[in-house]
Amino acid sequence: MLKFGVVTNINPLTAKARVQFADDDITSFWLPVLQQKTNKDKFYSMVDVGEQVACLMDDNSEDGVILGAIYTGIDSVPGISKDQHIIKFEDGSFIEYNKETQMLTIVAKKLNIVADILNTGKIQNTDGITSAADITDKKSSMQAMRDIYNPHTHTGNMGSPTSAPDGAM
């Protein structure tokens, strides 16, 4: 049977929670929280204590599963369009994809990407670029340009070489 309640305890290590049901004031045993995938590919997201959830329970409410959280009058829906897919975090960070605009937005204090990134299109940056490695384009690297520029000299108007540039790159 379908029952609604509020999460009272969570165990993040087992992906289980306990739920207090409003209709009979009973708190469940530890119930698994339904996940999208758990075998080769894995998905993990836990409900919060105090969150309103829907549960599928046996006839005696002794065994069941937490199907997921539901929005109530207390919790506002973060999206305003059927085209939005949003994951919003308590600290203000969020991930949003808008199907209409085809825009993926990621807002976080830091973003750690461990991958080779292939980009087609422009990259626009408003806060500078810092690299711990050499930067290379299709012609050369910045280090190769420094190696050429820094020691170079010119022949002066008296036929002898001038000094190296005042400031190294």
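Which residues form a nonpolar patch on the surface? In this predicted model, where local features need pLDDT of at least 70, side-chain atom pairs count only at pLDDT 80 or more, and totals for chains, interfaces and linings use all residues, the patch is made of Ile87, Phe89, Ile95, Tyr97, Leu104, Ile106, Leu111, Ile113 and Ile117. Residues are numbered from 1 along each chain as its sequence is written, and side-chain values use heavy atoms, with hydrogens and water left out.

Together, the nine names listed for the patch have about 860 Å² of accessible area, a value from the Shrake-Rupley method with a 1.4 Å probe, for which only the protein chains shown count as cover for residues. Patches are made of residues with over 30% relative accessible area and no salt bridge; like charges are joined within 9 Å, and nonpolar side chains (Val, Leu, Ile, Met, Phe, Trp, Tyr) within 5 Å. A salt bridge, in turn, is a side-chain nitrogen of Lys or Arg within 4 Å of a carboxyl oxygen of Asp or Glu. Strand S8 (94–98) and strand S9 (103–107) are the elements that give two or more residues to the nonpolar patch. Strands (E, at least two residues) and helices (H or I, at least four) are DSSP runs, numbered from the N terminus.

S8 and S9 run antiparallel and are joined by five bridges; two strands pair if DSSP finds at least two bridges between them. Phe94 has Val107 of S9 opposite it. Four residues lie between S8 and S9 in their hairpin, and Gln102 in the turn has a positive phi of about 55°. Ile106, a member of the patch, sits in S9 and is partly exposed, with a relative accessibility of 43%; buried means under 20% relative accessible area, exposed over 50%, and partly exposed in between (1.4 Å probe, protein chains only).

Turning to strand S2 (residues 16–21), a covered face carries Ala17, Val19 and Phe21, while Lys16, Arg18 and Gln20 make up an uncovered one. In a regular strand the side chains alternate between the two faces of the sheet. S2 is joined to strand S1 (residues 2–11) by six bridges, and the two run antiparallel. Ala17 in S2 lies opposite Ile10, and in S4 the bridge partner of Ala17 is Leu31. The pairing of S2 with strand S4 (residues 31–32) is antiparallel, over two bridges. Strand S3 (residues 26–27) also pairs with S2 in the antiparallel sense over two bridges, with Ile26 in S3 as the bridge partner of Phe21. The hairpin of S1 and S2 has four residues between the strands, and Ala15 there takes a positive phi near 55°. The hairpin of S2 and S3 also has four residues between its strands, with Asp25 in the turn at a positive phi of about 55°.

Two loop residues complete the picture. Gln35, in the loop between S4 and strand S5 (52–57), is buried at 14% relative accessibility. The side chain of Gln35 reaches the backbone nitrogen of Ser45 at 3.0 Å. Leaving aside neighbours within four places in sequence, Gln35 is in contact (heavy atoms within 4.5 Å) with Ala15, Phe43, Tyr44 and Ser45.

Ser141 is found in the loop between S9 and helix H1 (142–149) and is buried, with a relative accessible area of 14%. The side chains of Ser141 and Asp134 make a polar contact at 2.9 Å; such a contact is a pair of N or O atoms within 3.5 Å, where, within protein, one must be able to donate a hydrogen and the other to accept it, and residues adjacent in sequence count only if both atoms are side-chain atoms. A polar atom of the Ser141 side chain also lies 3.0 Å from the backbone nitrogen of Ala144.
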